[in-house]
Structure formats: C-alpha cells, structure tokens
Amino acid sequence: MTTQFEASSSSSSSSSSSPSATIQSWTYHVFLSFRGEDTRNTFTGHLHSNLVQKGIKTFIDDGLPRGEEISSALFKAIEESKISVIVFSENYASSKWCLEELAKIIQCKESKNQMVYPVFYKVDPSDVRKQCGSFGQALAHHDNSKVVGWKTALTKAGNLSGWHISQGGHESEFIHKIVAEISQQVLNFTYLNGDKYLVGIESRFKHMEELLCVGESDVRMIGIWGIGGIGKTTIAKAVYNLISRKFEGSCFLENVRERSMKYGGLQKLQKFILSKTLRLKEVEVNSLDEGSTMIKERLSHKRVLLILDDVNDLDQLKNLVRKCNWFGPSSRIIITTRDQSLLRRHDVNQIYEVEKLSHHEALQLFNFNAFKGKGHMGDYVELIDYAEGLPLVVEDMGSYLHGRSIDTWKDALEVYKRNPKLRHFLKLSYDSLEPLIKEIFLHIACFFKGENKNYVMDILAGCDLPKLGIEILIEKSLISITETNGIHRIWMHGMLEEMGKEIVCQESLEPGERSRLWLYKDVSHVFMHNTGTNKVKGIMVKKGMPDQQIPLNSEIFLKLKCLEILIISDDIFSGDCVDYLPNKLILLDWVACPLQYFPSNFYPEKIIVLKMNFTLMSPRRALETGFQRKMSRICTSPQIMQNLKSLNLGNCDAVTTLSDFSKFPNSEELKIR
C-alpha cells in the first residue's frame, strides 16, 4: 500500500526554511538521490520520466562512475536544486556516495532553503530514523570518520514529511501522487526574481523579518513603502521566495495599479487571489461584492501569504484585503506602495521604509550590469552617483552602458537621462497628485530642493498652496526630509528633480509662456526679448554668464504681473531702476540688487520674505531716499506687508531708522547690515 505521512511534532517539515537564508535562483527543480542498483530501472526511473513529462527539470546522475569520493558536479547539482527527493531503499546506506549526497542535501536544506522529500521505498521509516535494520547493518560496515554525520543526516531525513510505499504497494499510484505534489510546489513557488542580481537583500529582508514574525498566530498587514525604483517589488519577491512555503496558500499579485485600471480589473484580481491560494483552475466571480465575500469565506480559515505589489488606490485594498479577519490565523498580507497615506488609511501600522543603496552596494550593482562583475570601478564612480542609490536606475544605467566604449560613456549617459521609459515610470506618482499638490512638487523641483522645510512651507502658504502638501509629497515618496545641524531640509531625488523641470519645459517652447524659469539662458531670453507673460509664477537664477548682464529698463517686469517668486543669486543685471515690480511677490530674494529705489507703485501686500543685498556700486542713498521713503508709505497702510516674516537687507549701513513695525505683525527676523 502507499501512504503519505507527516513528520513527528518535534521535527521540522520538509518545507521549513531558515528565514535569513541566502536568496538565490535554482538550476534544477528536483534532484533525485537514490541507490542505482535498487531502483534506477524501476521506481526511480519511472519517477524521473514522469517528472520530465510534466516539464519539471530534474537532475539524475545517469549512471555516473562511482569512485571513492563524490563528484563535485553532484554537489553543485544538489546546491542548485530547489527540491531534493531521497529514495530510501534497502541498500541505500551501503553506498558511501548516497550517504554523502544525503549529508549534502540536509546541509542545503538548512542553509539554502531547499525542500526535501523522503521516499521510503519498501523500507520502514523508523529504520532510517533510528538506523536499524539494513540501515544499521550497512553503517556498521563503514569505517569512516563521517559516520556520525551520516547518522545525523539519516535521523533528520527520517523525521521529514514524505511517502512510504510498502511491499506490494501500487507504485504507479504512488508516483502520480508525488509528481502531483512536486508539480504543485514548482507551480506555486516559482522563484520570482529569476536571474536578477540582488545586492544588499539580506539586510533588507532582516527588517521585514522583524515585522513579519512568521509563525505568530495573529494576522498581520505589513507595508513596504518607498520611491519608485527603490526596490520594493524586489524585496517583496525575496520575502515571498523565502517564506511562502510556510503557508497553506500563497499569492504574489504583481502590478496591482496597472491591472486594476483595465475593465473588470479588480474582479480579475479577486479571481487570481482565489485561484492561486486555493489552487483552483477556474473561479467564477460575477461582481466585486461577490468576490470580496468569496475571499472572506474561502480564506478566513486558511493560513495564507498575500503580496499586493504597487498599490495606489484605497479601493484596491478594500476589495482585495479589506480586513484582517478575512484571513486565517498566522496569515500575512504584504502591500508595496509609493503612497504611505494608503497604508495609514487602511490601518496598516507596520511599515518598512526601503532605504536606498549604499555607495558600496550601488557600485556592486553597477559593476555587475555594466561589466558583468569583471570591471574596475575606480574611474566610474561619478556615473553611479547620478542614480543617488536607486537600484532601478543603477541597474538600468549599467545595462544601458554595457558593451559601449568607455570613451563614449559621458555622451551615452546624457542620452540615457532622457530615457522616456524611465521618466514615465517615475512620473506615475506625480500624475496621481491633485493639481495644487502638483504645483508644490514643481516649486520644490525648480526652486526649493535643499531648503529649510519651515521656510518653504511659509512661502507655499503665501502662494495659497496647502502646507499639507509637503506631507502628501512625503507620503507619496516624492520628497523626504533630511536633518542637518538641527535644520530640517527638503530633499528630492535628482531624477525626480529633472522630471519636474522637464514637465515645466514641456509647457511651451517659449520660456515666457512657462510657469517657472531657472536657467539663465531662458531668463535672459525673456527679459531681453520682453516675452514674459502672466503664466510665469517663479524665476530663479543661481548663476549668470561671465561678462554678460541683462540691462534693466523701466518695463522689464511689466508683463510678469503674476510673478510670486523672484530669486536672483548673482549679479546679472545692469542699470539701477525699474518702474514696476510685481505686487504679487511672495518671495523677493535679490543678491547684488542694483536698484536705487523701489517703484512708487510697488505694494507687495502678500510678501513673506524680503531679502536684498544691494551692490556696493549703488549709492548708499538707495534706502535713504528710496526704501526708507517707501517704507513710510508702506507703514501708513494696514494692508501692506502684514504677512512679512523675514526682512534681510545687506550693504545698507547708511540706514539708521525704520518706523512703525506694528504694521508687520508676523515679522520674525530683521537683519540690516
């Protein structure tokens, strides 16, 4: 008769794994260990044929000559096999070769997460476990220092779940069952990362391991959160590879964002979850409500692992994994997303924020993709710095440059930066933003990367943009906050900064028709050709051109009536007067300002920051006759500068008095030098 039995309660099952095992792909699905003289032409031969017919890549030694020492090729085959099947027959233990294979298999089970199935072919499992009967007799004839290790391996293998076929058992039925089981394992636990070269995955998995606590009886939802391209999917796949066999059912639901957008997409995803976790070929779901009910009813008593990859909408979570009580005890639900707010709104409180690659890790990944692991990296560090630790960019850029002459790399890199596929991938998060939040993103990309968070939030508020937008962008992984010397600054990945600026450039071929200007050539064009329009909201020039200045004239700002941000950080203007400055200015930061005085019609009611450093060449009467005269006019109106928080004036040592600060109720900083 044929029976399948379970391991004793004190032992590990064949599918157990070390949670910190090394991530790797497999060359073979199955390695067959057997005593050739006993079963090669009978049971094992038939088992091998059936496995191959099912498309299962199976290693069999095909009658290799036996020597005193086991072949290194066999050891390598064991290491690279996902599943090992050990056919214990009467004379198995009489072969040193078989025992060496067995010891190696047990070692790989413990160190490489390999699955092991023992088959007790016409032998008593207890003889294997306790080394009795033919197994005890065979071991007694081995005069070898390895015997103790072989006995340990036999005990461990004998305690694993497997199959027992006794004398007179129906072998074809037995073969059918074991092939069905292995087929199911190969089908449901395919290595998800394929041949992907993984860097730093062990340390990242350890963070996930601490959140997952696999084996605990509670049901947990865990989020993996980070910017696009940071490696969320790669980490989720690694977790799936390592722990999925510990669950009664598992499902990796990839590209939820994209797949749910199609007609009937969420229903199809519900069907996919049910089909994979229940191992059913056909599942009928006629509506979202029916699908939700089916998931709850069919999975509420089943220990499952579900991974929802790239979630971007709360409805996806509500229809696929609404509550923990939809799933059986010890289930684990993992959600990857760029949007932290989705996790918070779905009460997912355990969140792993994926860290970017370290410099060393990025070098490793770039080296593998650009040189296939054989290159010298010393001269090319600046290339990977462009990626700022994003694995997707490091990997993609390395592959793009692979095979190209190093002399052409700089030009090739410039072409790569305009890669539309990469830009589209990064732009997905931007496209999901509300219009006002998009405005904040573009302001930061063009003007405020690296600036003090509180300072930026004040400017945004003055522009009638919600301060909450900063938190939303953080939740969407589009910006982050770094701390330097106690100051919290806004950080944006360089690729996102470039993407934001590209979005602005695509608004119009004419710079004066764009919302923001930051390149000197564009600013110069607008002022020199008087092409500015009301569409321009901000202008920033960090550095001008040597021996080139833009001549000021009375109407140079006249067409820029909606200008809110003006940042000039270099001496780019010649002349000393204008007849108009935009009254909608929120931020006026002008280094080397040549103006003698402000225009008489300049009433910046909403201005928050006024920072001007006058040129040494301009007369000291700039503020005495201009700003101070103007200041008295400003102070007579309660509407003027009531939002001003920071007044910072440089090269103004001639000024001795400023009157009536009661008109500046929000002022926090005053500097006059």
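Modeller: K449 counts as partly exposed because its relative accessibility is 28%; the class lies between buried, under 20% relative accessible area, and exposed, over 50% (1.4 Å probe, protein chains only). This is a predicted model, in which local features need pLDDT of at least 70 and side-chain atom pairs count only at pLDDT 80 or more, while totals for chains, interfaces and linings use all residues. Residues are numbered from 1 along each chain as its sequence is written, and side-chain values use heavy atoms, with hydrogens and water left out.

The partner of K449 is E497, and the N to O distance in their salt bridge is 3.0 Å. K449 sits in the loop between α21 and α22 and E497 in helix α24 (residues 494-505), so the bridge ties together parts 48 residues apart in sequence. A salt bridge here is a side-chain nitrogen of Lys or Arg within 4 Å of a carboxyl oxygen of Asp or Glu. Helices (H or I, at least four residues) and strands (E, at least two) are DSSP runs, numbered from the N terminus. E497, at 18% relative accessibility, counts as buried.

Helix α22, on one side of that loop, has a bridge of its own. D458 pairs with K645, with the closest N and O atoms 3.1 Å apart. D458 lies in α22 and K645 in the loop between α26 (621-635) and β21, so this pair ties together parts 187 residues apart in sequence. D458 is buried at 18% relative accessibility, whereas K645 is partly exposed at 22%. D464 is in the loop between α22 and α23 (468-475), and K606 in the loop between β19 (587-593) and β20, so the parts they tie together are 142 residues apart in sequence. K606 is partly exposed at a relative accessible area of 31%, while D464, at 55%, is exposed. The whole structure has 27 salt bridges.

At least two lining residues each come from α21 (435-448), α22 (453-462), β20 (609-614), β21 (646-650) and β22 (669-672). Helix α22 has the largest share, with three residues. By class, the lining has ten charged, six nonpolar and five polar residues. Asp, Glu, Lys and Arg count as charged, Ala, Val, Leu, Ile, Met, Phe, Trp, Tyr, Cys and Pro as nonpolar, and the others, Gly among them, as polar.

The largest nonpolar core has 115 residues, and F327, F366 and F441 have the most contacts inside it. To this core α21 gives the most, nine residues. Such a core is a set of buried Ala, Val, Leu, Ile, Met, Phe, Trp, Tyr and Cys residues joined through side-chain atoms within 4.5 Å. Contact means heavy atoms within 4.5 Å. Leaving out residues up to four places away in sequence, F327 touches V219, I295, L299, S300, K302, V304, L306, L320, V321 and I333. Another core lies apart, with 37 residues, including I539, I572, I607 and M641.

As for the chain around all this, there are 26 helices and 22 strands. Of its 673 residues, 52% are buried. Among contacts between residues at least 6 apart in sequence, 69% join residues at least 24 apart.
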